[in-house]
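Visitor: I have a structure open and would like to learn to read it. Where shall we begin?

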Amino acid sequence: MLEKLFPTLSRLRFVVQALMLFITVYGSVVVGHYAADKISAALPALSCAYDQMNGSYCVLVPTQHQVHHRIGQAMVQAQQLTVQMVLPLLMVFLTFFAFFFVIGKAFCGWVCPLGTLQDWIGRIGRRFNIGLRRFEQGDLGAVQRVRPWKWVLLLGLVFLLPLLTGLGVTPHALGNPYCEICPSRVATTLLTGNTEELALRMGDGWKFGLGAAANTLFGFMLVGGLALRLPFCRICPLLAFNSVFQRLSPMRLAKPAMHESCSKCGICTEACPMDIPEIARQSGRKAYNEDCTLCGRCVEYCPQDGIIKLKWGPLALFSSSREYYKAKVKRELPDGTVKPLKFVRNAARPAADATDA
Ligand code: SF4
Ligand code: SF4
Ligand code: SF4
């Protein structure tokens with residue numbers, strides 16, 4: 001029967017075309033706008049949306065709509081995201097990596113203003129004969145117990161809280177929490193004569209608390225730093241961040257093998273401002289610890305020729321040497337002890353004489 005109605009394919013096609021023309025042009029008159037809308041949603045067809053009588057919408061209408069309102073907007077947002085966030089972040093990371101590639105963790109030992117200030121405060125302590133307090137070593141010593149804190153600060157204050165704040169979970173005041181507690185912010189602005197960063201922000205509880213933490217850390221660094229070496233560096237999140245990439249830089253500390261005297265000596269650890277025991281007890285990769293700031297003091301104080309080296313790639317920039325060690329200890333002992341200033345010596349003498357008497 002079908003063959004009688006449509007003897008040829010072209011006939012069938014003609015009928016379908018006519019039917020579809022009717023549906024697409026006048027369809028909503030037959031099925032109603034509501035049903036036409038549903039049908040078009042379920043089966044988008046080529047039908048003009050400007051025709052008020054059609055039974056469905058041309059697929060290009062919702063397509064344009066989606067491209068315009070969704071994809072277009074998403075691309076604008078993505079563009080904004082790229083220009084405002086991804087590119088600056090990329091620039092920061094590229095600069096960081098370029099810089100880090102060249103000097104590695106020597107940033108800490110040679111460049112960081114906060115490291116320099118702590119170093120100098122420690123020297124003042126030695127000059128004024130303030131006894132050095134060392135972080136206790138050993139497997140469960142203070143050195144080991146303090147180490148995880150830099151990771152906690154890095155993950156919590158540099159990544160987690162800013163992310164949670166961006167997502168609207170934590171208050172706006174916690175968007176920049178590490179900078180809020182960073183003693184470097186206080187120290188470096190004070191060095192420019194600006195005292196604003198010392199002031200506590202009274203209106204906001206979080207800002208007040210974070211500012212108070214910054215001032216406490218800064219105060220501890222100033223006072224505690226006279227007796228403890230590099231007190232803030234031990235919990236510094238930048239040290240943790242740098243240590244993740246420390247193997248990527250050609251700048252490094254190398255102690256390829258133990259010397260026979262290492263087991264009894266330990267002078268390098270004594271000289272190390274971060275009290276790193278691994279430099280004396282280990283060799284190879286383990287000797288270059290995550291806490292190392294590449295300051296080079298262990299190299300200066302190792303009395304054995306060529307055992308520890310500061311290297312840039314294959315180049316040995318500085319090697320331990322017995323001659324250098326002998327000259328060095330005449331001026332300063334490994335733990336940083338130096339001859340106190342003259343008036344400190346004079347002030348100490350009568351007290352010592354009285355005790356002797
Ligand atoms: S550990 Fe932190 S504060 Fe210390 S020198 Fe490195 S970056 Fe500076
Ligand atoms: S100072 Fe030199 S010899 Fe002494 S423990 Fe350190 S690496 Fe070994
Ligand atoms: S291990 Fe050596 S280079 Fe590293 S921080 Fe200690 S003294 Fe400085």
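Visitor: Which residues are around ligand 2?

Guide: First, the ground rules. This is a predicted model, where local features need pLDDT of at least 70, side-chain atom pairs count only at pLDDT 80 or more, and totals for chains, interfaces and linings use all residues. Residues are numbered from 1 along each chain as its sequence is written, while chains are lettered from A and ligands numbered from 1 in the order in which they are written. A residue is near a molecule if its C-beta atom, placed from the backbone, lies within 6 Å of it. Around ligand 2 are H259, S261, C262, C265, G266, I267, C268, A280, C302, Q304, I307 and I308.

Visitor: How does the shell around ligand 2 divide by class?

Guide: Ala, Val, Leu, Ile, Met, Phe, Trp, Tyr, Cys and Pro count as nonpolar; Asp, Glu, Lys and Arg as charged; the others, Gly among them, as polar. The shell around ligand 2 has eight nonpolar, four polar and no charged residues. Around ligand 3, the classes are 10 nonpolar, three polar and one charged.

Visitor: Which residues come nearest to ligand 3?

Guide: C272, C292, C295, R297 and C298, out of 14 around ligand 3.

Visitor: What share of the protein is buried?

Guide: Count neighbours. A residue is buried if 20 or more other C-beta atoms lie within 10 Å of its own, exposed if 12 or fewer, and partly exposed in between. Buried residues make up 27% of the 357 residues here. L163 is exposed, because it has 12 other C-beta atoms within 10 Å.

Visitor: Which residues touch the most others in the largest nonpolar core?

Guide: In soluble globular proteins, nonpolar side chains tend to be buried together. A nonpolar core is a set of buried Ala, Val, Leu, Ile, Met, Phe, Trp, Tyr and Cys residues joined through C-beta atoms within 7 Å. The largest one has 51 residues, and C268, L294, C298 and C302 touch the most other members. Helix α10 gives the most to this core, with five residues.

Visitor: Which residues of helix α9 are buried?

Guide: Helices (H or I, at least four residues) are DSSP runs, numbered from the N terminus. In α9, residues 183-191, the buried ones are P183, S184, V186 and A187. They lie on the same side of α9, because they cover an arc of only 160° around the axis. That arc is taken from the directions from the helix axis to the C-beta atoms.

Visitor: What do the buried residues of α9 pack against?

Guide: Contact means C-beta atoms, placed from the backbone, within 7 Å. The partners are α6 (113-127) and α10 (205-224).

Note on methods
Helix = DSSP H or I, 4+ residues; strand = E, 2+ residues; numbered from the N terminus. Contact = placed C-beta atoms within 7 Å.
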